[in-house]
Amino acid sequence: MTALDAEQAKRWRLILGAAAEEKLLSAVGGSASGRLLDEESQLMDEALAAIYDGTSGEAGAGGASGAGGAGGGSRSAGLGASAPKLAKWLGDVRSFFPTDIVSVIQADAVQRKGLTRLLFEPELLSQVKPDIGMVATLMSLRGQIPERTKETARALVREVVDEIVKRLASDLARAVTGALNRRRHSPLPSLTGLDWGRTIRSNLNHYDRERKQLVPEKVYFFDRARKSKEWTVILDIDQSGSMANSVIYASIVGSIFASMPSLDTRVVAFDTEVVDLTEACANDPVDLLFGIQLGGGTDINKSVAYCESFVTEPKKTIFLLVSDLYEGGNRTEMIRRLRDMHESGVRTICLLALSDDGVPAYDEDVARKLSQYGIPCFGCSPDKLPELIEGALKGMDLQGLAERVKQGRGQ
């Protein structure tokens with residue numbers, strides 16, 4: 001058995017489980033008494049066996065047993081009924097697997113094995129790797145989380161929120177100020193805010209030909225002070241279960257917008273009912289997330305009708321509908337409202353997804369009709385949102401901008 005063969009066989013053994021051990025040994029020229037897994041790989045195998053032995057139901061009561069042994073039957077493994085076994089499993093997973101794989105395994109532990117105990121015991125939840133998927137799970141189970149776990153759950157959500165804010169806040173602020181601040185001028189001197197073009201043009205008659213120098217009589221600077229509430233931004237968020245990651249990103253983006261003095265930000269979430277989260281958004285994005293209830297039906301038309309009341313100056317308003325467009329209410333009326341909003345001058349955009357996961361299933365017929373009216377409908381990663389917002393504030397063609405965002409190209 002060559003070193004390469006051994007490594008390949010080990011990887012396949014970890015993927016396929018104990019039932020494939022004998023055949024893999026035979027394929028690489030070994031014997032049934034040989035071993036494909038070293039001690040560390042054996043521990044990895046046991047951690048995987050605890051989740052992937054079956055596809056449904058609560059994990060078994062026993063610990064992982066003999067995962068490296070030969071045999072034709074499936075492995076007998078589980079996370080057991082006790083917190084110590086579950087805690088050890090969490091530690092093993094975080095020790096042996098890359099961060100992105102840990103997130104997948106944790107999510108599968110909850111979804112495939114029903115291990116909600118991960119979320120209901122403070123000592124276990126504190127060992128879970130914080131990620132957006134786990135936040136979505138906590139949000140969906142928020143009514144079931146026991147009192148003793150709530151503070152730990154909030155701490156986990158806080159860690160994810162802080163990371164996303166750190167990732168997005170500066171780019172979003174730069175996009176907004178870049179679009180709005182280079183319009184007016186200020187007498188306050190600032191080298192970084194010096195308007196070279198206007199200063200030179202206004203002082204050309206003060207050019208000293210003898211010294212070949214321009215001696216400006218008056219110097220102009222861009223105004224760094226932003227006018228309060230120059231634009232209204234309305235985020236209308238579909239909180240159906242399929243939109244979980246998009247809901248989280250959109251809510252946090254809403255809290256970032258709310259921190260900007262130049263924007264009047266409104267955040268609304270809906271299923272069959274409409275919830276105005278603007279106040280929570282202005283205070284704490286964690287409170288905002290815990291104010292959202294994932295799941296339920298969808299009445300987009302009712303929510304758009306509610307949001308229309310916030311449009312006082314259409315040409316200074318951006319309306320972001322974050323939804324897969326599956327309408328349970330009046331679809332014809334919903335399309336008409338969005339068309340009318342767009343035609344009034346509101347910068348109207350439908351984000352089918354605001355997530356790193358790509359575009360989920362969506363109502364293609366509704367998206368096509370909205371696009372025909374000039375309302376772009378597309379999925380957008382959070383990192384591309386600043387470019388989209390800046391373009392909308394600058395009055396760029398949204399359909400063309402949407403195409404650039406979808407294709408990952410800059411301006």
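Author: Gladly! Let's start with a hairpin: β6 and β7 form one, with three residues between them. This is a predicted model, in which local features need pLDDT of at least 70 and side-chain atom pairs count only at pLDDT 80 or more, while totals for chains, interfaces and linings use all residues. Residues are numbered from 1 along each chain as its sequence is written, and side-chain values use heavy atoms, with hydrogens and water left out.

Reader: In which sense do β6 and β7 pair, and over how many bridges?

Author: Two strands pair if DSSP finds at least two bridges between them; strands themselves are DSSP runs of E with at least two residues, and helices are runs of H or I with at least four, numbered from the N terminus. Here β6 and strand β7 (residues 274–276) are antiparallel, with three bridges, and F270 stands opposite V274 in β7.

Reader: Which strand runs parallel to β6?

Author: That is β5 (residues 231–238), joined to β6 by eight bridges. D236 stands opposite V268 in β6.

Reader: Is β6 largely enclosed or open?

Author: Buried means under 20% relative accessible area, exposed over 50%, and partly exposed in between (1.4 Å probe, protein chains only). Strand β6 (residues 263–270) has six of its eight residues buried, so it is largely enclosed by the rest of the structure.

Reader: And why does I15 count as exposed?

Author: Because its relative accessibility is 58%. I15 is found in helix α1 (residues 3–16).
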